[in-house]
Amino acid sequence: MTNLVLDAWYLEFLPLSARYGGPLVWGVAALALAALLALPWLARGRHLGPAVIADAQCTGYALCAQECPYGAIEMQPRTDGARYETIAVINPDLCTGCGICVETCSTVGVNLAALTAAAVQQRVGRAVEQARQDGPAPVTIFACQRHAALGTLPGGVSAGDAAVLAAPAYEAVAGEELPPAVSCAVPCVGMVQPEWVREALGSGSRAVVMLSCHCDDCAFREGPRWTASRLGRRQKLARQGVHILEAAPGDRAALMRFLARITGGAAQAAPAEEDRPAAPSRLRLLAGGAAGTLVLLLLTLLVSLPTERRATAAAPERAVVRVALAHPGQPVASEGSFGGLQNTPTGVSAAQVLSGERHPVRLRLEIDGRQVAEREYLPGGLRRDGTAYGLESWDVPPGRHTVRLWIMDDGAAWRLAFDGPLDVAAGRVAILSYNKQREVFTLAGDRR
């Protein structure tokens, strides 16, 4: 007898079931699975939300609702008698406390209860003034909480509490001593208001850096994108030394290199082209593309105006004979080539079972004893098992004409499908359409 060694990772439940009983083991497993499934709701992460609306300051502008990444803001009709028609309403179950809505409101009508815009602005101003008293002009860094938590910022700024610290001089980078910094951590850089940037610059900062995650790695989905877009719409701020740096959380070396590049020897100069926000360049590219498209459309219009185009309508003094075809040709394989499949159900042929390919359909038209056309129409479908379609027209003099129309749908023999007179008046169309039940062409009527 051979002993079987059980894999404890996959099969440990077997000895447990034998010792303690199957219902008990499976009941414990079900409870553990239920606990794991409920974990995202039982252990929700703490954040500074939900946002709150100041009714008196809300003007119903709706930009906060448009830019919220989670759809947590809804505009509703006002009932407080204010002169504005709508008011923003926060859904606390959807709000994550990212603060992106805070930046959108110029009237400070929306705030995070645990982190107000006024408090952040005051802390930034005081910290910059303190740093100016202790040494050279600092660099103010607004960073998201992920960068603060993972150590990208020197000075130990805590994540999520918006602590503002005047840090000592950075470590030397490439032999240069970098200026001091004022670090401000917010939930997401999309929360940073232009007033905070103006406060930092007005208080004596030599530059302002928006330190964000990469655009596709934002914890709040759209923070870096909105930041770049907003700063791109404010070119004056960008020219005053405001920069955006997208870096991986915890990559302090990238921040050091960036600061060395923007402050080394030209603290007050305009930022280099590669350091400017991505949004202005994208906007310029978009504007250039739109202008080029407009110029191309205008040139196309100017070229097309003097160009003559042939009319497709028939002359009013002429008449038209039109042939319309919608007919699947006969199966390519014959009944006798299928061996033992002759005993098929009623209404089902052996060709339908084993081969759906159809022959092309050919037409030959004779008007007043003269052959005017012979056409071939291929069956549709990838395997050529569909219907062949055709629509042809011929101009004829008005009056009575003798028309004969042959069809070949088996790849072998022509058969006469129409033979008779047609009376066609000037400016009218006589239509011969194929009747699959009768296997002939019939006059469908005439029309303009």
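**Ground rules.** I number residues from 1 along each chain as its sequence is written, and I use heavy atoms for side-chain values, with hydrogens and water left out. As the model is predicted, I require pLDDT of at least 70 for local features and 80 or more for side-chain atom pairs, while totals for chains, interfaces and linings use all residues.

**Confidence.** I looked up pLDDT, the predictor's confidence in each residue from 0 to 100. The chain has a mean of 79, and 76% of its residues reach 70 or more. I took helices (H or I, at least four residues) and strands (E, at least two) as DSSP runs, numbered from the N terminus. Where pLDDT is low, the predicted coordinates should not be read in detail.

**Aromatic rings.** I searched the whole structure and found two aromatic pairs. Rings of Phe, Tyr and Trp (its six-membered ring) pair if their centres lie within 6.5 Å; planes under 30 degrees apart are stacked, over 60 edge-to-face, and the rest tilted. Phe 142 and Trp 196 form a tilted pair, because their centres are 6.2 Å apart and their planes are at 35°. Phe 142 lies in strand E5 (residues 139-144) and Trp 196 in helix H8 (residues 194-202), so this pair ties together parts 54 residues apart in sequence. Tyr 434 and Phe 441 are both buried.

**Thr 152.** I located Thr 152 in the loop between helix H7 (145-149) and E6. Its relative accessibility is 0%, so Thr 152 counts as buried. The side chain of Thr 152 makes a polar contact with that of His 147, at 3.0 Å; I count N or O atoms within 3.5 Å, where within protein one must be able to donate a hydrogen and the other to accept it, and residues adjacent in sequence count only if both atoms are side-chain atoms. A polar atom of the Thr 152 side chain lies 2.5 Å from the backbone nitrogen of Gly 250.

Conventions
Buried < 20%, exposed > 50% of the residue type's maximum accessible area, 1.4 Å probe, protein only.
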